[in-house]
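Here's a quick briefing to read alongside the model. Have the sequence and the 3D view open as you go.

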Amino acid sequence: MVNGDKHTSGTVIVDHNHNKTSYYSPKNIRGIICATIVVILILVGITALILWLLYRPHNPRFTVVGAAVYGLNTSSPPVITAIQLTFITRNPNNRVSIYYDHLLAFVYYQTQPITPPLILPPLHHETDSTVAVSPVWPVSPVVFNGLVTDEAGVVSLRLVLTGRLRWKAGGIKTGRKGVYVGCDVLVALKSGVLGLVPLVGPSVCKVDI
């Protein structure tokens with residue numbers, strides 16, 4: 001039975017025991033709270049999806065564009081030889097920049113490193129930009145002459161970069177992620193020839209993050 005009172009606002013329910021029970025019972029309050037939480041989670045999910053579609057980072061791209069061989073002293077033949085590989089890295093993201101930390105560079109031949117690890121300086125890669133880097137490694141003349149003899153002048157080398165990077169979108173930076181870059185390149189080497197050496201075909205680089 002529902003009783004009305006012109007001096008009292010609101011509506012009440014009279015149960016079978018003639019006790020007055022408000023619509024705002026604990027059960028109803030819990031339902032309202034649960035519904036509110038579900039709506040908030042849906043809105044947060046939609047917002048996160050939109051931000052991800054706008055700011056999702058694409059992997060950087062790497063290409064080896066040059067090579068050179070140098071003698072590090074004045075003796076003939078030089079006691080120490082150096083190999084230089086020039087690579088460019090491209091950040092294709094329009095809204096996300098990249099910070100590289102602790103980058104190490106190696107040169108491999110047939111799965112074996114032929115140079116010591118070279119620590120590259122930290123690099124901040126701006127949005128939609130390209131950066132060129134030209135590291136130089138010392139190489140034993142015995143190793144160098146072995147490369148030339150083994151490959152008959154065209155040597156298959158692999159540039160390897162390892163380290164960690166962070167993405168930055170606006171004022172937000174992600175945690176550090178491991179990065180591995182492997183670039184396979186054919187280089188024309190000749191015994192006793194120093195200076196710039198030609199690349200035989202384009203390099204093929206793979207980036208794993």
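The protein has two helices and 15 strands, where helices (H or I, at least four residues) and strands (E, at least two) are DSSP runs numbered from the N terminus. Bear in mind that this is a predicted model: local features need pLDDT of at least 70, side-chain atom pairs count only at pLDDT 80 or more, and totals for chains, interfaces and linings use all residues. Residues are numbered from 1 along each chain as its sequence is written, and side-chain values use heavy atoms, with hydrogens and water left out.

**Overall numbers**
- Of the 209 residues, 32% are buried (under 20% relative accessible area; exposed is over 50%, partly exposed in between, with a 1.4 Å probe and protein chains only).
- Among contacts (heavy atoms within 4.5 Å) with a separation of 6 or more, 67% link residues 24 or more positions apart.

**The largest nonpolar core**
- This core has 37 residues, and Phe-62, Phe-87, Leu-157, Leu-159, Leu-161 and Leu-189 touch the most other members (a core is a set of buried Ala, Val, Leu, Ile, Met, Phe, Trp, Tyr and Cys residues joined through side-chain atoms within 4.5 Å).
- At least two core residues come from each of strand 3 (61-71), strand 4 (81-91), strand 5 (96-109), strand 10 (136-139), helix 2 (141-151), strand 11 (154-169) and strand 13 (177-188).
- Strand 5 gives the most, with seven residues.
- Take Leu-159: leaving aside neighbours within four places in sequence, its contacts are Val-64, Leu-85, Phe-87, Phe-106, Trp-137, Val-181, Gly-182 and Cys-183.

**Helix 2**
- Pro-141, Phe-144, Leu-147 and Val-148 are buried.
- These four sit on the same side of helix 2, because they cover an arc of only 120 degrees around the axis (taken from the directions from the helix axis to the C-beta atoms).
- Over on the other side, Val-142 and Thr-149 are exposed.
- The cover for the buried residues includes strand 3, strand 4, strand 5, strand 10 and strand 11.
- Ala-152, which follows helix 2, has a positive phi, near 55 degrees.

**A nonpolar surface patch**
- Ile-29, Ile-33, Ile-37 and Leu-41 form a nonpolar patch on the surface, with about 370 Å² of accessible area together.
- Ile-33 belongs to helix 1 (residues 26-55) and is partly exposed, at 45% relative accessible area.

Key: Patch = residues over 30% accessible without salt bridge, like charges linked within 9 Å, V, L, I, M, F, W, Y side chains within 5 Å. Areas by Shrake-Rupley, 256 points an atom, 1.4 Å probe, with all protein chains shown as cover. Salt bridge = Lys/Arg side-chain N within 4 Å of Asp/Glu carboxyl O.
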